[in-house]
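Open the model in your viewer and follow along. Each stop gives a selection and then what is there.

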Amino acid sequence: MGELILVLDFGGQYKELIARLVRGLSVYSEIRSGDISAQEVKRLAPIGIILTGGPNSVYEPNAPKCDPEIFALGIPILGICYGMQMMCHMLGGEVKCGERGEYGIVDAVMGKSVLFEPGNSAVLMSHTDCVYKLPDGFLCTATTAACPIAAYENASKGFFGVQFHPESAHSADGQQLLRNFLYKVCAARGEYKLDDYLETQIIAIGEKVGNKNILLALSGGVDSSVCAALLTKAVPGQLVCIFVDHGFMRQNEGDEIERAFSNQNLHLIRVNAKDRFLAKMEGVIDPEAKRKIIGEEFIRVFEDEAAKLGEVPFLAQGTIYPDVVESGGAHGATIKSHHNVGGLPDNLAFSEIIEPLAGLFKDEVRVIGKKLGLPDSLVNRQPFPGPGLAIRIMGEVTESKLSVLRISDAILREELDGMGLNQYFTVLTDTYSVGVKGDYRTYDPVVAIRAVITNDFMTCECAQIPYEVLLKVSSRITNEIPSVSRVVYDITSKPPATVEWE
Ligand code: XMP
């Protein structure tokens, strides 16, 4: 097995960012739960461990802790924020509640360390507690005005801690710090290459599948499209792509997907299952219920199609690593059940599920897609959730609401295309408001605009769209769709909000 960095999760928001940065530095990383046993860590044999931040205080009764034996494995460890405090506490030091918290970009005075150069450096801080007394054998290596021990180390054991967030782009030398940890402390060789991942998958799929057929859920999104390209390469001629049109696609999207893939060298079946899905949505209001029901219905449709095709023992899915992590499948708390993971029922009629992208982050999937020769328009397509417009309609999903949402979404996309935003769409809220059209009072639903700028969709900022563009979108939506009373703009970041409303 190649070099591995384990990112142990203590509930921090940035675990995926850390893991992705490590991979960007050419070392393979995986996220595991903070309570992983030392024995399992030993089996995985990582070259280094990163302990993430988290919301707890180490003295809280249920504060998460790692297996103390991990400190005896002789593996270098970097603790970040809570991870730093926890390591200090578990090794005999003391942590205390800071007199005032420290939030935002602050100036740190860095001392001598293999991880950074001495001098001043801007770092992102976000903490209340801080390390107060170091365990024996540890040295303080950085300070800030509010945090006397902003970094520490026991270099001979390979233990390092930083109170700030090196994974944040706001920490000026953060990336270099991570690089130093990987290469100078963990002695990484930096062998992780996406080409290897691709080759390994192609060989593994070929061996596993033999001459049998695979069914793939093709949605036209980046993940399933790249998955289709990869599977076509691994087992040419054995891939049957089923595009389940659940009726929750955007304007004309179903036809576009069918057109895009009908020219390619694969067997594409389009299943028009709109009525089936709409019937399942009757009376369903809860977002998680919608996601689960749609996910499950998807599988049922596949089973029905598979039955028509004869024996198709393998089902492929375009699940990617963040889906697995966010669904709690790997090791985290469930934020949202992602369509392609959370909705998966236990009683599958397929003998095996193949998820060739399940170890990859989104940007890695795009790189693989390009390597496989997919066009830019497909590889850089803005994301669209598996449950589609159903989770952009608050409350019960009906055909008439879908039609309102589709038109408003098409208008928004017409006006915002080309502005360089990462994702933009409309949401049909379940809020009604009074308006006036002509001489009549109206009482109709409110449409919200969501438009975000993000690197990785794990965090995002609302896009700063010029007012004149927003005004035009609002005017077009309210004029072209008489049953919309007003248009509002969602200006919330993630966190605390998510990109989608449901
Ligand atoms: P959230 O709403 O979790 O969304 O901040 C982050 C990104 O993921 C997309 N998304 C999904 N993608 N299946 C998917 O394939 C899903 O169930 C799903 N839910 C959200 C969302 O559009 C955004 O790009």
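Select Lys 472. Its relative accessible area is 46%, so Lys 472 is partly exposed. The residue belongs to helix H15, which covers residues 467-480. Keep in mind that this is a predicted model.

Ala 122 and Lys 472 are 350 residues apart along the chain. Draw a line between their C-alpha atoms, and the separation reads 41 Å.

**The whole chain**

Zoom out and switch to a cartoon view. The chain has 15 helices and 18 strands. Along the principal axes, the C-alpha trace spans about 70 × 65 × 40 Å. How does the radius of gyration of the chain fit a compact globule? For 502 residues, such a globule would have a value near 23 Å; the chain has 25 Å, which agrees.

The accessible surface comes to about 21700 Å². Carbon and sulfur atoms account for 50% of that surface. Of the 502 residues, 56% are buried.

Consider contacts next. Take those with a separation of 6 or more: 73% of them join residues 24 or more positions apart.

**A buried serine**

Select Ser 29. Look for it in strand E2, residues 28-33. Is Ser 29 buried or exposed? Its relative accessibility is 0%, so Ser 29 counts as buried.

Show what surrounds Ser 29. Leaving out residues up to four places away in sequence, Ser 29 touches Leu 4, Ile 5, Ala 19, Val 22 and Arg 23.

**Charges over rings**

Stay with Arg 23, one of the residues that Ser 29 touches. Arg 23 lies over the face of Tyr 321, and the distance to the ring centre is 5.2 Å.

Then move to Arg 250 and Phe 384. Here the charged end of Arg 250 sits over the ring of Phe 384, 4.0 Å from the centre of that ring.

**Aromatic pairs**

Colour the aromatic residues. How many aromatic pairs does the structure hold? There are 9.

Select Phe 10 and Tyr 82. These two form a tilted pair, with 6.1 Å from centre to centre and 45° between the planes. The pair links distant parts of the chain, 72 residues apart. Phe 10 is in the loop between strand E1 (4-9) and helix H1 (15-24). Tyr 82 is in helix H3, residues 82-90.

Check how covered each partner is. Phe 10 has a relative accessible area of 3%, so this residue is buried. Tyr 82 has 1% relative accessibility and also counts as buried.

Go on to Phe 71 and Phe 159. Their aromatic pair is edge-to-face: the centres are 5.8 Å apart and the planes are at 75°. Which parts of the chain does this pair tie together? Phe 71 lies in the loop between strand E3 (48-51) and strand E4 (77-80), while Phe 159 lies in strand E9 (residues 159-162), so the pair joins parts that are 88 residues apart in sequence.

Phe 71 is buried, at a relative accessible area of 11%. Phe 159 is buried too, at 3%. The cut-off for buried is under 20%.

For the last stop, select Phe 248, Phe 277 and Phe 298. Ring pairs link these three residues into a cluster.

Definitions and conventions: Residues are numbered from 1 along each chain as its sequence is written. This is a predicted model: local features need pLDDT of at least 70, side-chain atom pairs count only at pLDDT 80 or more; totals for chains, interfaces and linings use all residues. Side-chain values use heavy atoms; hydrogens and water are left out. Rings of Phe, Tyr and Trp (its six-membered ring) pair if their centres lie within 6.5 Å; planes under 30 degrees apart count as stacked, over 60 as edge-to-face and the rest as tilted. Helices (H or I, at least four residues) and strands (E, at least two) are DSSP runs, numbered from the N terminus. Buried means under 20% relative accessible area, exposed over 50%, partly exposed in between (1.4 Å probe, protein chains only). A charge sits over a ring if NZ of Lys or CZ of Arg is within 6 Å of the ring centre and within 35 degrees of the ring normal. Contact means heavy atoms within 4.5 Å. The radius of gyration is taken over C-alpha atoms; the globule rule is 2.2 Å times the number of residues to the power 0.38. Accessible areas come from the Shrake-Rupley method with a 1.4 Å probe; for residues, only the protein chains shown count as cover.
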